[in-house]
Amino acid sequence: MEPEGLNHLGFSFSTSTSAPPRRPICPNCARPSPVCLCHTLPAQPIPTTTQVIILHHPHEAQHKLSTTPILTRCLANSTAITGRRLRQGLSPLLDQSPPAIYLFPSTPASPAVNLSQLGDEPLWSKHAPLVLIVFDATWKHAKEMVRASEGFLGNFAKRVCLDCDEGVSGGSIYDSELILRKEPFGGCVSTMEAVARTLRVLEPNGPEIEGKLIGVLKEMVRLQAGYLKPMKPRPKLLKKDKEQKRRDESESC
């Protein structure tokens, strides 16, 4: 019989392996205990007439700053689908071709209706439920997801964009002296912010819903800020800021 801790070749080995301790996770909000959001989440999920469907890119689903898990806990009528494109058979609701909009900036090939002008569209009526579709991913992946999904969405959904200005920096809760996530240009917002802004327009009590969602997001950012190092703004944004300041100075002369 070989001595404990030695094999027949004489090399020592450990009879038990110990994995590094994992951070305790809150069973309710599924976030690490130090950044638990239960104290700021609605006591009951917020009801909406709008059905929210989030296509969650597999890579984004692993990101610790993804707002989709918190968003689906805040909204009663919200569903997250992990995938890279929307297609027939993926969502029973979308398979019915309901009146729907999907959020993404306008392009020459795929123009979008501005959110502030949505009420003028025949597709939308405040007296009929609407489906809101959003894509949660990096901007590179989101573009790929939209292109791959438009063949399916084109049968029943309208493309809608937020009031964004690529020449202006800021506009997102993430843009502050501590930038938690870099955005490609000014006016870009997180998925949770985009949904909050849109529900403000779609829902009868939209401003109240927006306020609750933004309140949760602000607390998430505040807690997370204590555990992340500041990220430098994108050089592109800094360059645009300098150019804008020069234009402002020349106009004031």
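Hi everyone, let me start with glutamate 144, which counts as partly exposed at 33% relative accessibility; buried here means under 20% relative accessible area, exposed over 50%, and partly exposed in between, with a 1.4 Å probe and protein chains only. Please keep in mind that this is a predicted model, where local features need pLDDT of at least 70, side-chain atom pairs count only at pLDDT 80 or more, and totals for chains, interfaces and linings use all residues. Residues are numbered from 1 along each chain as its sequence is written, and side-chain values use heavy atoms, leaving out hydrogens and water.

So what does glutamate 144 pair with? Its salt-bridge partner is lysine 140, with the closest N and O atoms 3.1 Å apart. By salt bridge I mean a side-chain nitrogen of Lys or Arg within 4 Å of a carboxyl oxygen of Asp or Glu. Lysine 140 is exposed, at 56%.

The structure holds 5 salt bridges. Another one joins glutamate 219 and arginine 222 at 2.8 Å, N to O; these sit 3 residues apart in helix 4, again about one helical turn. Here glutamate 219 is buried at 15%, whereas arginine 222 is exposed at 53%. Arginine 159 also bridges to glutamate 150, at 2.8 Å between the closest N and O atoms, and arginine 159 is buried at 6%.

On to the rings. Rings of Phe, Tyr and Trp (its six-membered ring) pair if their centres lie within 6.5 Å, with planes under 30 degrees apart called stacked, over 60 edge-to-face, and the rest tilted. That rule gives 3 aromatic pairs. In one of them, tyrosine 102 and phenylalanine 135 have centres 6.4 Å apart and planes at 85 degrees, so the pair is edge-to-face. This pair links distant parts of the chain, strand 3 and strand 5, 33 residues apart. Tyrosine 102 is buried at 6%, and phenylalanine 135 is buried at 9%.

Those two strands come up again with helix 3. Among the elements covering its buried residues are strand 3 (100–103), strand 5 (131–136) and helix 4 (206–225). How many of the 12 residues of helix 3 are buried? The count is 9, including Met192, Val195 and Leu199. Thanks, everyone!

Note on methods. Helix = DSSP H or I, 4+ residues; strand = E, 2+ residues; numbered from the N terminus. Contact = heavy atoms within 4.5 Å.
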